[in-house]
Amino acid sequence: GTWKAVDVPDTEDRVLVFDVEVLVPDSPYPVLAAALSDRAWYIWVSPYVTGDSPHGRHLIPLMRQGQRTPRLVIGHNVGFDRARIQEERLLKRMPLAFLDTMSLHVSGGGLCSQQRLFWQRYSRAKRENDTEYLQLNADTGKFFDVSSLNSLKEVAAHYCKITMDKSKRDVFIEGTLQDVRKDFAQLATYCATDVEITRKVYAKVFPAFRQKCPHPVSFAGMLTMLEGYLPVDRSWPEYIHRSEELLSELTESVGVKLRELAESALKEAAPLDDPWLRNLDWTIEPLKFTKPKYKADGKTYAKNGEPRPFAKQTLVGYPKWYRDLWDSKLKRPQITVRTRVAPYLLKLKWLGYPLYYSDLYGWTFRVPMCDYKRSLQQESSGGGGDTTAPAPGQD
């Protein structure tokens, strides 16, 4: 084929499959981009990479000034790419629309946050041929074969049976400008390959989306979601600063409350009778002493041979769960809402039953056998009442 230098893609190329690469350690600005139409390939290189500019603050032009011919840009997680397009920074809108293959995938083959963890475990078991895990988790297999994670690599494998080599991405994640220049040809090929695979993914996910969501409003909504703007002025950094200060204050206030609850738990007279606190490890740390030293008779202590407490013992007499929270630098427990003991201290419930953490199932709850049987009786008789109680938990 032939090639030539152009300022922007040709106006006749109304649909582009597009991908952008950013040198993460250097700046959020693009260093390389590739686009594909039904007639041509396009490669954009930042003047910063070519040495024609001393800085990397350059955006990618996709439209001619005053161009009214509309253009559709297709990409995977295209919102990331859109932020680096020059026309999207103009106050006057250009006839430019975006379509995200990741969003198209999520609408029909995506995973919710609870499914994602099971999907990853099941995927690892399949790679390692862990037949025992696969048999025990057959239910996961029901949605494993019809879904995938959202990355281009996983989506390409799911829809197109393509195994992608993403090793070159490390240059953009960890490398330098010199690394990009040194390996430019391979990195340009990497970017173009992502574009080609995105095109193949689009050919699969768009028909699937139209079949699952045939109403024109659904497609219009998909396009509209990618047109959002957040206008800001010079007060924006101040707003960010105030928001971060407020977040810090609220986070600290929650931490203070959790520390107060931890101190209150220590004062419980019978913590093992509490349905939440009994799940904590109440093993007490005893005071530790040095080994005794005896005289020759083996009965009387040698000089200074009496057992003595070790120096710098902390939290002697405190339970293990509290010691595990202790921050030696801050000289206090360090606890957040994500800490394992937090739901116990907050005494959280589900359907009226205390939460507890199972190594096998994660956060769950136990149902007394009498409640479980009553629920089954109500369900079998068709009576009212709460029929949502699950099977009783097992220790």
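**Entry 1: N77**

I started with N77, which sits in the loop between strand 4 (71–75) and helix 2. Helices and strands here are DSSP runs (helix: H or I, at least four residues; strand: E, at least two), numbered from the N terminus. This is a predicted model, where local features need pLDDT of at least 70, side-chain atom pairs count only at pLDDT 80 or more, and totals for chains, interfaces and linings use all residues. Residues are numbered from 1 along each chain as its sequence is written, and side-chain values use heavy atoms, with hydrogens and water left out.

Most residues other than glycine have a negative phi.

**Entry 2: L351**

Next I went to the loop between strand 8 (349–350) and strand 9 (353–358), where L351 has its place. Phi of L351 is near 55°, again positive in a residue other than glycine. With a relative accessible area of 42%, L351 is partly exposed.

**Entry 3: largest pocket**

Then I turned to pockets (on a 1 Å grid over the protein atoms alone, a pocket is an open set of points where a 1.4 Å probe fits, with protein on both sides within 12 Å along at least five of seven lines; lining residues have an atom within 4 Å of a point). The largest one holds about 710 Å³ of space; volume means the space filled by probe spheres set on the points, which are joined across faces, edges and corners.

I found 25 lining residues for the largest pocket, with K4, A5, V6, Y42 and I43 nearest its centre. Which strand gives the most to this lining? Strand 3 does, with five residues. Strand 2 (30–36) and strand 3 (41–45) each supply at least two. By class I noted 18 nonpolar, one polar and six charged residues (Ala, Val, Leu, Ile, Met, Phe, Trp, Tyr, Cys and Pro count as nonpolar, Asp, Glu, Lys and Arg as charged, the others, Gly among them, as polar).

**Entry 4: second largest pocket**

The second largest pocket comes to about 500 Å³. Its lining has 22 residues, and D19, E21, K166, R169 and D194 are the closest to its centre. Elements giving two or more residues include strand 1 (15–22), helix 2 (78–82) and helix 10 (184–212). Strand 1 has the largest share, five residues. I wrote down ten nonpolar, five polar and seven charged residues for this lining.

Technical notes: Buried means under 20% relative accessible area, exposed over 50%, partly exposed in between (1.4 Å probe, protein chains only).
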